[in-house]
Amino acid sequence: MLLNSFYVYCNKMTSVAFFNDHMSLFLQRTILAGFMCLVSLSGHAQVRHTISGYVKDDQSGETLIGANVYLENDATTGTVTNTYGFFSMTLPEGVHRIVVSYLGYQHHVEELTLLSNTNLNISMVQGIEMQEVVVAAKGEEEDENVQSTSMGRVSLPIEQIKVLPALLGEVDILKTIQLLPGVSSAGEGSAGFYVRGGGADQNLVLLDEAVVYNSGHFLGFFSVFNSDAIKNTTLIKGGIPAVYGGRLSSVLDIQMKEGNNQNFQGEGGIGLISSRLTLEGPIVKGKSSFLVSGRRTYGFDLAQPFIRQTDFAGTNYFFYDLNAKMNYQFSQKDRIYLSGYFGRDVLTFAQPGRDFQFTLPYGNATATFRWNHLFTEKLFFNLSAIYNDYQFKAGFEQEEFNFDIFSGVRDFTAKFDFDYFPSNDHQVKTGIHATKHRLTPNIIRGSAGETEFENTATAKYANEYAIYLQDDWKINPWFRVNLGLRGTLFQQIGPYTSGINGEVYETGEVVKTYSSLEPRIFINTSLNPNASLKAGVTATTQYLHLVSNSSSTLPADVWVPSSEIVKPQRGWQYAAGYFQNIRRGMYEASVEAYYKSLQDQIDYRESYVDNSVDQVENEFVFGSGEAYGLEFFIRKNSGKLNGWIGYTLSRTDRTFPEIENGRTYPTTYDRTHDLSFVSNYNISPKLIAGVVFVYATGKSYTPPERVYLIDGELQTDYGPRNSQRLEPYHRMDLSLTWIPNPTSKKNFTSEWVFSVYNAYNRQNTFFLYTDYETDLQSGTAEVKAYKVSIFPILPSVTWNFKFK
């Protein structure tokens, strides 16, 4: 049977080769691949056993994601740890030396005599002080960016993020990823981001697998992610694996720390506008741990003594975040994790003298339960139960008049995921996901005296299902392929009253069903051990939509599901790139080209006027879009000086038949040029300097062309949509980190971080507004445009501390 399987396989390989017989090199490699397949099959007569286990930090017990595990005498035989730090590798019976490596850690070498399936847990020792952000040069075996099929995938160590300059000293993951090629900012100081021409809602943002629907505090100027609670951040903007779905453009996968299961410790910081504190430690040493992390702003709190003496007594604003996590290992085969996040922005604007008050509380809540189970040394299983809730509420009171606006999204999700390691050349992932959505539009309730009123908007319900299968297959040492397929099913369900024919649907009754098959194919051809060519095709479907009149997502923006009126958005992305490592991984460089085709894109019709009474989907128009570009990236990974340079040349367009008669126009986030320079320099063990420089083409906007008076009313005619641009955006930020006692063995250590945002005081335009001067006698009017900048040079200082 084994020989018959080989015969069928070789026939398939040969037919492909003859179909492309003019490609001699490909033919040679194909024949050689068949020969190697024969050798491999003949080798099955050898007795083979599986080594499996977890890779962890020896001090904290935190599992390490993406650690390399390979043979010392054959670096091509190996694997990497999964999201939970688990690995599985099958080897012939005998004596082996296993090497484990991870960025910033000393190599670990384990010699063992393999006579049966063996459990091997590895504790890694940090090879450097993490504060220094100096990493050891990588060997060829660690060149995942060259050897893997991943494209447009970047992992950022939280330690590197922490030493970069930050706005008002607030370390921000989302602002850091904006410095990568292919990622652009939503605006000055904003944590919102766009990836390869996709909209802000087309990014899947995950915190411990829970979707975060609004990732910004303070109207988007700061992100909801407290860096002290974060373990790992991965951005995928090119080849999105089949395990992910539901968004068209990118995945930002953020994992929280698990908590130190060896010793109790804490860390925190005090800055100009906020303070934070994180506590972690073992519940049962070596088996269970906890983590609790909190952050709160207090800028307006400090101003309260002055505000109380004004007409705005009672006015205040603050935001806070709370992260918590615990885990327990029952045995080598079973462990559970429970994590949660709760954050709120609270704004109160009051004028007691006018009996006026406006409140604006909004925020996210998430909870994730996960159970890991090993069925065998080769089969890893994870069950996830996830809850996430985003709520927005605005309240207005004045004398006898008051009203409240409420909107939000609530999801319940179950995931069943399997990692299967049939051999060292295959890593198979498969799973089933199911989500129940409840999306609430702007629901208004209020009263004026004894009269009560409310709008007719109601919550909408939907079920979303997905099943996927992917195989990362190493065909031979120079050719690797990742084949994936994701199938999705989306059902809008009742209670619902049709906006088309008035039909009434009962609770749970299916209103509309959509389905999609999404192939994901990525290939890697190695040119040599340090260089490779990659290409990929990604199909994606998005069933939830956020349509906004602003250039960035705001708390009041409403999510709507696909329905009988709103079709799902669909996209295809084609990408190809060249990847190279230089000087044993000290430098890594890449050039990627991409083209993205988008269908069923959504915008408001030209005549739209914000009206919370009507069903918002009745105001939508639908069209298409495309985005294409080139990305250049070079990063230095080791030495006293490290950092990266990223440059993107791109174009992003949209076309809507019902907008300007189908004229194709650039989006507001279209950036022809986008350049980022990021660098850290270790001046000494006590001093680390950081610099960030960004340059981008100005945002496009729609200009007013003519103004005139009709019956005393001012009328404005606007030019073509997004036909003009603001001036280019550029800015430099600086930071200096001072560590008084870098080699101290004391139980308490600290550091000072000094930052300057917008160091040369560039007056970048935040928004443009127009004003008019009218002459009623002549019936003429003159329009003037004014630019508003909000962030001048902003110095800040933060004191960080750790204790144990």
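1. Strand 25 and strand 26 form a hairpin with 2 residues between them. Strand 25 covers residues 401-423 and strand 26 covers residues 426-448. The two run antiparallel and are joined by 20 bridges. In this pairing, R445 of strand 26 is the bridge partner of D404. Strands here are DSSP runs of E with at least two residues, helices are runs of H or I with at least four residues, and both are numbered from the N terminus. Two strands count as paired if DSSP finds at least two bridges between them.

2. On the basis of the note: this is a predicted model, in which local features need pLDDT of at least 70 and side-chain atom pairs count only at pLDDT 80 or more, while totals for chains, interfaces and linings use all residues. Residues are numbered from 1 along each chain as its sequence is written, and side-chain values use heavy atoms, with hydrogens and water left out.

3. Strand 25 also pairs with strand 24 (residues 379-398), in the antiparallel sense and over 20 bridges. D389 has R410 of strand 25 as its bridge partner. Strand 24 and strand 25 form a hairpin, again with 2 residues between the strands. E399 sits in that turn and has a positive phi of about 55°.

4. E399 also belongs to a surface patch of negative charge, together with D355, E397, E400, D404 and E450. Patch members have over 30% relative accessible area and no salt bridge; like charges are joined within 9 Å, and nonpolar side chains (Val, Leu, Ile, Met, Phe, Trp, Tyr) within 5 Å. For charge, Lys and Arg count as positive and Asp and Glu as negative, with His and the chain ends not counted. The place of a charge is NZ of Lys, CZ of Arg, CG of Asp or CD of Glu. D404 lies in strand 25 and is partly exposed, because its relative accessibility is 33%. The classes are buried (under 20% relative accessible area), exposed (over 50%) and partly exposed (in between), with a 1.4 Å probe and protein chains only.

5. A separate open sheet has 5 strands in the order 9-16-17-12-13, with mixed pairing. Strand 9 (153-157) and strand 13 (210-211) are at the edges with a single partner strand each, so one side of each has no neighbour in the sheet. Within the sheet, strand 12 (residues 203-207) and strand 17 (residues 250-256) run parallel and are joined by 5 bridges. V205 has L252 in strand 17 as its bridge partner.

6. The salt bridge count is 33, a salt bridge being a side-chain nitrogen of Lys or Arg within 4 Å of a carboxyl oxygen of Asp or Glu. K162 and D228 form one of these, at 3.1 Å from N to O. This pair links distant parts of the chain, 66 residues apart: K162 is in helix 4 (residues 158-162), and D228 is in the loop between strand 15 (222-223) and strand 16 (230-236). K162 is partly exposed at 25% relative accessible area, whereas D228 is buried at 1%.

7. E209 and R370 meet in a salt bridge of 3.4 Å, N to O. This pair also links distant parts of the chain, with E209 in the loop between strand 12 and strand 13, and R370 in strand 23 (residues 356-376), 161 residues apart. E209 is buried at 15% relative accessible area, and R370 is buried at 4%.

8. D603 and R721 form a salt bridge, their closest N and O atoms being 3.1 Å apart. D603 is in strand 37 (residues 587-604) and R721 in the loop between strand 45 (713-718) and strand 46 (724-725), so the pair ties together parts 118 residues apart in sequence. D603 is buried, with 17% relative accessible area.

9. Strand 37 also holds V591, which is partly exposed at 31% relative accessible area. V591 is part of a nonpolar surface patch with L527, L533, Y578, L630, F632 and L649, together giving about 530 Å² of accessible area. Accessible areas come from the Shrake-Rupley method with a 1.4 Å probe, and for residues only the protein chains shown count as cover.

10. W478 is in the loop between strand 28 (460-476) and strand 29 (479-493). W478 is buried, with a relative accessible area of 18%.
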